[in-house]
Amino acid sequence: MISQEQIKHIAKLARIALNADEEKQLSNDLGKILDYIQQLQQVDVSNVNPSFHAIDQENILREDIAIESNKQEAIISQFPESQAGFNKVKSIFENNDN
Amino acid sequence: MITNLTIKDIQDQLKQGKFTAIQLVDFLIAKIEKEDPAINSFVYKSYDLAREQAKKVDEMIAAGKELPALAGIPCAIKDNILIDGINCSAGSNILKDYIASYDATVIQKLKEQGAIILGKLNLDEFAMGSSGEYSAFGPTKNPKDLERVPGGSSSGPAAAVAAGFCQFSLGSDTGGSIRQPASFCGLVGLKPTYGAVSRYGLISLASSLDQIGPITKNVDDARIVYQAIMGKDPKDSTCIGEDNKGEVDIKKIKIGIPKEYFVSGIDPEVEKTIKATIDKLKESGVDVVEISLPYNKYALACYQILLPAEASANLARYDNIRYGNKELHSGDFRESLEEIYRYARQQGFGPEVRRRIMLGTYALSAGYYDAYYLRAQKVRTLIQNEFRQAFKYVDFIITPTCPTLPFKLGERKDDPVTMYLSDLFTTPANIAGVCAISIPCAKEGLPVGLQIIGNFFQEDKLFKIAKIFEEIK
C-alpha cells in the first residue's frame with residue numbers, strides 16, 4: 001500500500017500535478033500493482049549479477065564532427081512560446097535584490 | 001485488390017502491368033476513407049507522400065529498372081516512429097502538435113526500398129497498453145469483430161493490416177506489443193532480437209526492451225520486411241544487427257514446450273487450439289519435448305518494474321517547452337516553470353501513462369532502488385540464463401502468444417492488473433532479449449496466436465520454422 005502522502009511526494013518528483021481523486025486512485029492502483037510485484041521477493045538472487053541490457057554492450061565512440069542542419073525553422077515553429085527565434089520560458093532564478 | 005496477395009505477388013503484378021502503383025494507392029486511399037471510420041486505425045494520413053512514392057515506382061517500372069525489395073508495397077507505421085515532416089503523437093495529447101524533423105532509421109530504409117507509406121497508426125499512449133483503448137485518439141476496433149479489441153499497443157498496425165488497408169505495418173514491441181495484437185487479429189508479428197533493428201527515431205518507452213518489427217499477413221512478407229529494416233546502425237549503439245543464417249530440417253529439429261505456460265489462467269479455447277497445433281506438428285514428424293522454464297513465471301513481475309522505471313526516465317523529457325501541445329501551454333498563468341511542467345504533464349498524459357510514470361518514479365526513488373529495480377534486474381539474469389540453457393537442448397520454444405482470446409472493448413480497461421496479464425507469455429522474450437514470432441493457428445472462430453521463440457539473432461531460422469508451421473496448420 002502506498003499512502004496518499006507518498007503519492008504526493010512521488011508526484012512532485014515526477015513533475016505531475018494531481019487532484020485529490022487522482023491521488024486516491026493512484027494510491028489504490030499502485031498498491032495493487034506492487035502486491036503483484038511482491039512475488040519477486042520469493043526469488044533467491046544471492047550471487048546473481050544484474051543484467052541492465054539484453055545483450056552484451058560496449059561503448060561505441062565516434063569523432064565529434066559538426067554537420068549542417070537546416071531544421072531551425074521546423075524546430076522553432078514547435079516551441080509553444082517563442083520570441084525572436086528564442087524559446088521563451090519562465091525565469092528560474094529568483095531576484096534576490098528585491 | 002490486394003486482399004489475398006503477398007508482397008511478391010504485388011510486385012509481380014506491378015511488373016506485369018496488371019495495375020500501377022498509383023492505382024494501388026488510390027484504391028487503398030478510397031478503402032481507408034470509407035472503412036476506417038468504423039475501425040479507427042489511422043491517426044494521420046500521408047497520402048501526398050504515398051502518391052509521390054508510387055509515382056517514382058511507376059517510373060522505375062516504365063524504365064525497366066530492377067525493383068528494390070519493397071518497391072510499390074503499401075504500408076503504414078505505428079505513430080511512435082518518426083517520419084520527417086509528419087505528425088508523431090505516440091497516441092498522446094502531450095504530443096498533439098509535434099511534427100517530426102527527421103526520419104527514423106527504419107523509415108529511411110523503407111523509403112530506400114521503395115515502400116509506399118500511407119500514414120501513421122493508432123496505439124496505446126506511448127505504447128503502454130494491451131488493448132488499444134489507452135489512446136488519446138480513441139480505441140481501435142478489431143476488424144475481425146468490431147466489438148472486440150485488436151490488442152495493443154500496436155492496435156492500429158494490426159487492425160490496418162487485418163482490414164486490408166495496407167500490405168504490412170511496422171509496430172514496436174516492449175512486452176508483446178507486436179505479437180499480442182498480431183495474435184488478436186489473425187496476423188503474423190515479429191519481435192526481433194534486441195539489437196537487430198535500429199531504435200533511432202522510435203519514441204522510447206523502455207530502452208532495454210523496445211524493438212521495432214513487422215506485422216504482416218504471412219511469414220514470407222514478415223521475412224522480407226524484416227530483412228529490409230534490420231542491420232547495424234551508427235545512430236543506435238545498442239543495434240549490432242547480427243544476422244545468422246541457418247537451415248531448418250524438420251526431421252532434425254527439437255521443439256520445447258514449457259510446461260509452465262499451460263497452467264491456470266489460460267482460456268480453454270486457446271489451450272485447445274494450441275494443443276491441436278502441437279499434435280499436428282508431432283504427426284508431421286517434429287520432435288516435441290516438454291521443458292521447464294521455472295523463472296519465466298517471474299518475467300511479468302520483472303517487467304512491471306523495469307518498464308515503468310525506464311519509462312519514467314524516458315518520459316521525463318515531455319515538459320511541453322520545446323514541442324508538444326500548444327493548448328496546454330500556460331506560461332503566463334503559472335507562478336513557476338515547475339508549475340508549467342506539472343500542469344502540462346497532468347493534462348497531457350492519460351491515466352495509464354501517469355500510473356506507470358508514478359510507479360517507475362517510486363521504484364527508482366531513494367530507499368526503494370535495491371528492493372525493486374536492482375532485484376528485477378537480477379531476476380532478469382536468471383530468466384536470460386534459463387533461455388540460454390534451454391536453447392542448448394531445443395532449437396525453438398513454442399507457447400500460446402496470449403492466454404486469452406481477443407476480449408471485448410471496455411472489459412479490462414479499468415483494471416490495470418488484469419490488463420497486464422495479457423502480456424504474461426510475451427514479456428519473457430523481451431526480458432531475455434531473444435526473438436519471437438506470433439503466427440495465427442485457429443481454423444475457425446476468433447484468432448489464436450502461436451508464439452515461436454528463437455535464440456539470439458536466429459531470425460532467419462525462426463522464419464523458416466514459422467513457414468513450415470504455417471503450411472502444416
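Trainee: Hi! Leaving aside its neighbours within four places in sequence, which residues is Pro308(B) in contact with?

Mentor: Two residues are in contact if their C-beta atoms, placed from the backbone, lie within 7 Å. Setting aside neighbours within four places in sequence, the contacts of Pro308(B) are Arg356(B), Leu359(B), Gly360(B) and Ala363(B). Before we go on, note that this is a predicted model, where local features need pLDDT of at least 70 and side-chain atom pairs count only at pLDDT 80 or more, while totals for chains, interfaces and linings use all residues. Residues are numbered from 1 along each chain as its sequence is written, with chains lettered from A and ligands numbered from 1 in the order in which they are written.

Trainee: Where does Pro308(B) lie, and is Pro308(B) buried or exposed?

Mentor: Helices (H or I, at least four residues) and strands (E, at least two) are DSSP runs, numbered from the N terminus. Pro308(B) belongs to helix α9 of chain B, residues 299-314. A residue is buried with 20 or more other C-beta atoms within 10 Å of its own, exposed with 12 or fewer, and partly exposed in between. Pro308(B) has 28 of them, so this proline is buried. Look also at Val353(B): 45 residues separate it from Pro308(B) in sequence, yet their C-alpha atoms are 9.0 Å apart in space.

Trainee: At what angle do α9(B) and α11(B) pack?

Mentor: Two packed helices are described by the angle between their axes and the distance between the axes. The axes are lines fitted to C-alpha atoms, for helices over the stretch in contact, with angles from 0 to 180 degrees between N-to-C directions. For α9(B) and α11(B) the angle is about 95° and the axes are 7 Å apart. Angles under 35 degrees count as roughly parallel, over 145 as roughly antiparallel, 65 to 115 as roughly perpendicular and the rest as oblique. That is why α9(B) and α11(B) are called roughly perpendicular. On the α9(B) side, the residues that meet α11(B) include Ile305(B), Leu307(B) and Pro308(B). For residue classes, Ala, Val, Leu, Ile, Met, Phe, Trp, Tyr, Cys and Pro count as nonpolar, Asp, Glu, Lys and Arg as charged, and the others, Gly among them, as polar. The contact of α9(B) with α11(B) has 9 nonpolar, 3 polar and 1 charged residue.

Trainee: Which helix of chain A crosses α11(B), and is the crossing left-handed or right-handed?

Mentor: A crossing is left-handed if the near helix is turned anticlockwise from the far one by less than a right angle, and right-handed if clockwise. Here α2(A) crosses α11(B), residues 351-364, at roughly 65°, with axes that come within 10 Å. The crossing is right-handed. Leu26(A), Asp29(A), Leu30(A) and Ile33(A) meet Arg355(B), Met358(B), Leu359(B) and Tyr362(B).

Trainee: How many residues of chain A are in contact with chain B?

Mentor: 41 residues of chain A touch 57 residues of chain B. α1 (4-13), α2 (20-37) and α3 (72-76) of chain A each give two or more residues to this side. The largest share, 7 residues, comes from α2(A). By class, the chain A side has 27 nonpolar, 7 polar and 7 charged residues. A loop residue to look at is Val43(A), between α2 and α3 of chain A. Val43(A) is in contact with Tyr298(B) and Val379(B), leaving aside neighbours within four places in sequence. Its 17 C-beta neighbours inside 10 Å are why Val43(A) counts as partly exposed.

Trainee: What should I look for in the backbone angles?

Mentor: Most residues other than glycine have a negative phi, and most peptide bonds are trans. Asn47(A) has a positive phi, near 65°, and sits in the loop between α2 and α3 of chain A. With 6 C-beta neighbours inside 10 Å, Asn47(A) counts as exposed. Asn40(B) also has a positive phi, of about 65°, in the loop between α2 (21-39) and β1 (42-45) of chain B. Asn40(B) is buried, with 20 other C-beta atoms within 10 Å.

Trainee: Which peptide bond is cis, with omega near 5°?

Mentor: The bond from Gly152(B) to Ser153(B). You will find Ser153(B) in the loop between β3 (116-121) and α5 (155-162) of chain B.
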